[in-house]
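I opened this model to look up a few things. My notes follow in the order I took them.

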Amino acid sequence: MPKAPQRPGPSRRETTEVALPSSAAFQEAGVSDTPIQAVPVPISGNEEPPAASRFRIFIVDSGWNSAARRVLLENFALIRDLQREDPIYVLSRERSIEFMRRHGSRIGRDPIIAVHDMQALGKRGTAGFHGFRLSLGLLRTPQQALMGLQAFARFLVTHRQSADLEADIRANLRREGLMGAIEIAMHHEAREIVA
Amino acid sequence: MDRFGEIVSVVLGALAVAYLAYEIDRRKRKLRDLFHVLGSEEADISAELADMVESGELQPYTRRARA
């Protein structure tokens, strides 16, 4: 694929130049033993998130051969571009497996995307609300996983300045629950994401 | 016969309402499972991740230009 012309400035989009966190073999085969890898390279230039980012994003992926994982890998560059203000920490496969061994109830739910709200963490620490997590691995089909990922990205972007993220999340969940109820009552197909 | 029909209607109606309640509850649980709010129950896990960042074990993901 030809290189996209370089454009200066923080708004540039270089998805053609982004080194996806997967090997070329993964791209061809769709599956790899090498999951998303942490890249221990300091952020430089205009890639650097602001010092006081609102969120910290963690990705835990032990490497299940799942539709959710493939969707995450295929869209990782876009997610990163959309969330460029916030650092994304990707646990290596080994670290993710260790994590899962320590927290066994999470096995099979990964890839997990955990978001720490630094504003809430600064106020109350981890004792109260301090973020949310999306258990992408619970979504079994590529369509569901993609919708989940899109909803996640949309929520983060639209609530970056939220004064009360917890209230926003709970309101969203209530709304989703209500929409589901209405759809059931109307004999519509279940909302894809929670079906 | 009318009485029997009434009973069947009531039973079917009750079943429909029960199913609706069950389905709504199932979806709510599934949605909360999928999109979970981090609170004190996850304090240990969150602290573990935060410690990895603070200690430098985890570095922010960054792009690498393709060779």
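I counted six helices and four strands in chain A. I then read along the sequence and wrote down the pattern α-β-α-β-α-β-α-β-α-α for this chain.

I kept in mind that this is a predicted model. I noted its scores as ipTM 0.71 and pTM 0.69.

Next I looked up burial in chain A. Chain A has 195 residues, and 34% of them are buried. I also checked the contacts in chain A with a separation of 6 or more. Of these, 69% are between residues 24 or more positions apart.

Then I turned to helix packing. Two packed helices are described by the angle between their axes and the distance between the axes. I picked helix 2 (residues 67–82) and helix 5 (residues 142–158) of chain A. Their axes come within 9 Å and cross at roughly 25 degrees. Angles under 35 degrees count as roughly parallel, so helix 2 of chain A is roughly parallel to helix 5 of chain A. I logged the crossing of helix 2 of chain A past helix 5 of chain A as right-handed.

Which residues make this contact? From helix 2 of chain A I listed A:Ala67, A:Ala68, A:Arg70, A:Val71, A:Leu72, A:Asn75, A:Ile79 and A:Leu82. From helix 5 of chain A I listed A:Pro142, A:Ala145, A:Leu146, A:Leu149, A:Ala153 and A:Val157. I sorted the contact residues of both helices by type and got 12 nonpolar, one polar and one charged.

I looked at peptide bonds next. Most peptide bonds are trans. I found a cis bond between A:Asp110 and A:Pro111, with omega about 5 degrees. Where does A:Pro111 sit? I placed A:Pro111 in the loop between helix 3 (93–102) and strand 3 (112–117) of chain A.

Chain B was my last stop. I counted two helices and one strand in chain B. From the N terminus on, I read these elements as α-β-α. Chain B has 67 residues, of which 21% count as buried.

I also looked up confidence for chain B. The mean pLDDT of chain B is 83, and 91% of its residues reach 70 or more. Where in chain B is confidence lowest, and where is it highest? I found the lowest in strand 1 (residues 35–38) of chain B, at a mean of 85. I found the highest in helix 2 (residues 43–54) of chain B, at 88.

Methods: Residues are numbered from 1 along each chain as its sequence is written. Chains are lettered from A and ligands numbered from 1 in the order in which they are written. This is a predicted model: local features need pLDDT of at least 70, side-chain atom pairs count only at pLDDT 80 or more; totals for chains, interfaces and linings use all residues. pLDDT is the predictor's confidence in each residue, from 0 to 100. Axes are lines fitted to C-alpha atoms, for helices over the stretch in contact, and angles run from 0 to 180 degrees between N-to-C directions. Angles under 35 degrees count as roughly parallel, over 145 as roughly antiparallel, 65 to 115 as roughly perpendicular and the rest as oblique. A crossing is left-handed if the near helix is turned anticlockwise from the far one by less than a right angle, and right-handed if clockwise. Two residues are in contact if their C-beta atoms, placed from the backbone, lie within 7 Å. Ala, Val, Leu, Ile, Met, Phe, Trp, Tyr, Cys and Pro count as nonpolar, Asp, Glu, Lys and Arg as charged, and the others, Gly among them, as polar. A residue is buried if 20 or more other C-beta atoms lie within 10 Å of its own, exposed if 12 or fewer, and partly exposed in between; C-beta atoms are placed from the backbone.
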